[in-house]
Amino acid sequence: MPTLQIISGEQEGSEINWTADEIFIGKEDGCEVKITDAGVSRKHAKLAKKGAGWFVEDLGSSNGTYVNFKKRGKNEPTDLADRDIIFIGRTVAKFWLNGAPKTVDSGHSNGTQQTGGVLSATELRDLLRGVVPIAGLTCPSCNASLEEDMKAKVREQEQVELIRRLKLHELDPASLDRLIAQASQKVRG
């Protein structure tokens, strides 16, 4: 049974399971997944079955729907894979094709397990790889290459958005220091 595991937002920690072939996400009472966070439209998006899989479609929301950090266009169905991350307003959810596991790897070197919607270090690294495609990016009017100029700008914007969405700015100083130390070790290693 498919599951949306809320990993940040007002319903953080909750899991929504369903059996219908189509469900709606939004603030409206008629939505199967009711999310009242800022930035969520009355009828924001829908999840629908497609063969053996699922897709998400933004329904013309004001703030858009993101899948794995990439904004999806209005009425643009986007196939979902197991463990994809969906952003709806300020809510971040993890899509599980066959239900969420009882525990997930916390990504800590001590091997601890945590329940809930925690992203492991490996999952976070995989999501960040190639978030915004800039290879071969050219100016639409003059065809000049923009790839080199855009690399630093895009990475900075991705980092700001990632910090905001994962609430890294809300961490206490000790936790932030541990996270930075862990990231530094992985980069060097």
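In which helix is L179 found? L179 is found in helix 3, which spans residues 173–188. Helices here are DSSP runs of H or I with at least four residues, strands are runs of E with at least two, and both are numbered from the N terminus. The structure is a predicted model, in which local features need a pLDDT of at least 70 and side-chain atom pairs count only at pLDDT 80 or more, while totals for chains, interfaces and linings use all residues. Residues are numbered from 1 along each chain as its sequence is written, and side-chain values use heavy atoms, with hydrogens and water left out.

The protein chain contains three helices and 13 strands. Of its 189 residues, 37% are buried; buried means under 20% relative accessible area, exposed over 50%, and partly exposed in between, with a 1.4 Å probe and protein chains only. The accessible surface is about 11,100 Å², and carbon and sulfur atoms hold 50% of this surface. Such areas come from the Shrake-Rupley method with a 1.4 Å probe, and for residues only the protein chains shown count as cover. Among contacts with a separation of 6 or more, 39% join residues 24 or more positions apart, a contact being heavy atoms within 4.5 Å.

Confidence comes next. The average pLDDT of the protein chain is 76, and 64% of the residues score at least 70; pLDDT is the predictor's confidence in each residue, from 0 to 100. Over residues 103–117 the pLDDT is below 50, although this stretch has 26 contacts in the model beyond near neighbours in sequence. Where pLDDT is low, the predicted coordinates should not be read in detail.

The interior can be described through its nonpolar cores. A nonpolar core is a set of buried Ala, Val, Leu, Ile, Met, Phe, Trp, Tyr and Cys residues joined through side-chain atoms within 4.5 Å. The largest core has 19 residues, of which L4, W18, I25, L47, L80, I86 and F95 touch the most other members. At least two residues of this core come from each of strand 1 (3–8), strand 3 (22–26), strand 5, strand 6 (53–58), strand 10 (85–88) and strand 11 (91–96). Apart from this core lies another, of six residues, including Y66, F69, I85 and F87. Beyond its neighbours within four places in sequence, L80 is in contact with L47, W54, F55, V56, V67, I86 and F95. In soluble globular proteins, nonpolar side chains tend to be buried together.

A salt bridge is a side-chain nitrogen of Lys or Arg within 4 Å of a carboxyl oxygen of Asp or Glu. K46 pairs with E22, their closest N and O atoms being 3.4 Å apart. Because K46 lies in strand 5 and E22 in strand 3, this pair ties together parts that are 24 residues apart in sequence. K46 is buried, at 17% relative accessible area, whereas E22 is partly exposed at 35%. K50 pairs with D79, with the closest N and O atoms 3.0 Å apart. K50 belongs to strand 5 and D79 to strand 9 (residues 78–80), so the pair ties together parts that are 29 residues apart in sequence. The remaining bridge joins D29 and K34, with 2.4 Å between the closest N and O atoms. D29 is exposed, with a relative accessible area of 67%, and K34 is partly exposed at 38%.

Several loop positions deserve attention. S41 is in the loop between strand 4 (33–34) and strand 5 (45–50). S41 is buried, at 15% relative accessibility, and its contacts beyond four places in sequence are G26, K27, S61 and S62. N75 is in the loop between strand 8 (70–72) and strand 9 and is partly exposed, at 43% relative accessibility. Not counting residues up to four places away in sequence, N75 touches E57, D58 and L59. The C-alpha atoms of N75 and L59 are separated by 5.6 Å. Phi of N75 is positive, near 55 degrees. N68, in the loop between strand 7 (65–67) and strand 8, also has a positive phi, of about 50 degrees. Most residues other than glycine have a negative phi.

L179 is partly exposed, with a relative accessible area of 35%. Together with L171, L176 and I180, L179 forms a nonpolar surface patch of about 290 Å² of accessible area. Patches are made of residues with over 30% relative accessible area and no salt bridge; like charges are joined within 9 Å, and nonpolar side chains (Val, Leu, Ile, Met, Phe, Trp, Tyr) within 5 Å.
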